[in-house]
Amino acid sequence: MASVTSRTGRIELGHGCYAWIAGDAGWGMSNAGLITGRGASLLVDTLYDLRLTKTMLDALTPLTAPAPISTVVNTHGNGDHWFGNQLVSHAEIIAARGSVADMRQVGPAEMLALTSMDSPAGHFARRIFGRFDHTDIEPALPNRIFDGETVLDIGGTEVRLIDVGPAHSAGDTIVHVPQARTVYTGDIVFAGAAPVVWHGPFARWLAACDLLLGLDADIVVPGHGPVTTKQAVREIRDYLEYVHEQATARFTAGMPAMDAARDIRLGRFADLDESERLAVNVHTVYRELDPSLPPLDGPGLFGCMAELCPRV
């Protein structure tokens with residue numbers, strides 16, 4: 001995986017742009033970003049709990065003291081990108097319409113319920129999310145919703161928001177800073193880890209990758225993993241195409257979804273972290289091919305991954 005830097009914490013990208021890169025890999029350890037202008041800043045995403053978000057905000061204080069955070073963009077509705085919103089609730093918080101719908105469906109209470117379940121899904125969720133504290137989080141939902149695309153002026157810096165979802169989730173916003181040739185992708189890009197297609201369709205995610213590849217941007221800040229380049233976008237695109245092809249072949253042959261997930265060999269993608277996400281991805285392909293198949297809820301999806309993950 002090509003990367004610009006493997007450093008963590010606050011990373012200066014140039015032209016007033018910064019990345020906040022998680023110190024550890026794995027589920028829930030998400031990235032964020034800061035775009036500074038004259039007297040104002042935009043924060044791209046908060047983190048999965050209040051402790052992590054406060055640590056980030058404290059580290060950004062030298063930048064935000066002269067340019068306070070006036071705007072927050074949540075790239076999508078997964079909790080690791082918005083559960084810290086209450087610490088910046090003074091700002092205008094912006095998200096795509098689909099992202100807000102996801103936030104209303106799955107908040108801190110639902111995550112606490114999942115991790116307290118006495119089931120394979122609950123055991124798996126506790127293992128991957130046990131480092132986070134979802135108590136005392138007061139959900140702070142976005143107070144501005146956008147559709148399609150919008151352009152912001154952050155202290156003289158142009159920032160483009162583009163909703164490329166539904167793909168990873170019901171709404172997926174990429175944040176493009178043209179003058180910095182930088183894009184914050186949210187979870188449209190996982191650098192070094194398997195993507196998870198909670199929502200789909202796959203075609204929308206592939207189109208989002210094509211859009212990213214067509215942008216005049218050299219620096220890619222993924223939702224998870226190190227700051228990287230467009231090569232990471234190509235690798236995610238290749239993975240998605242491969243999984244869709246492999247799952248479709250097994251669907252056509254009449255193989256049940258979980259059997260298909262166990263049967264697929266990931267080949268050159270086998271070294272990606274969180275490979276158990278294949279179970280969710282195969283289920284999403286099957287639902288695309290046969291919309292009459294019943295959807296799985298969160299515990300159901302986590303149960304499938306627990307079944308596929310050899311460490312549970």
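Packing here goes by contact, meaning heavy atoms within 4.5 Å, and buried means under 20% relative accessible area, with exposed over 50% and partly exposed in between (1.4 Å probe, protein chains only). Helices (H or I, at least four residues) and strands (E, at least two) are DSSP runs, numbered from the N terminus.

So which residues of helix 4 (residues 120–129) are buried? They are Ala121, Gly122, Phe124, Ala125, Ile128 and Phe129. They sit on the same side of helix 4 because they cover an arc of only 160 degrees around the axis, the arc being that of the directions from the helix axis to the C-beta atoms.

## What kind of model this is

This is a predicted model, in which local features need pLDDT of at least 70 and side-chain atom pairs count only at pLDDT 80 or more, while totals for chains, interfaces and linings use all residues. Residues are numbered from 1 along each chain as its sequence is written, and side-chain values use heavy atoms, leaving out hydrogens and water.

Now for the strands: seven of them make an open sheet with mixed pairing, in the order 1-2-3-4-5-6-7. Strand 1 (9–14) and strand 7 (144–146) are at the edges with a single partner strand each, so one side of each has no neighbour in the sheet. Two strands pair if DSSP finds at least two bridges between them.

Strand 1 and strand 2 are antiparallel, with five bridges, and Gly14 has Cys17 in strand 2 as its bridge partner. Their hairpin has two residues between the strands, and His15 there takes a positive phi near 55 degrees.

## A cluster of rings

Rings of Phe, Tyr and Trp (its six-membered ring) pair if their centres lie within 6.5 Å; planes under 30 degrees apart count as stacked, over 60 as edge-to-face and the rest as tilted. That rule gives 15 aromatic pairs. Trp82 and Phe83 form an edge-to-face one, 5.0 Å centre to centre with 80 degrees between the planes. Trp82 is buried at 1% relative accessible area, and Phe83 is buried at 2%.

Ring pairs also link a cluster whose members include Trp82, Phe83, Phe124 and Phe129.
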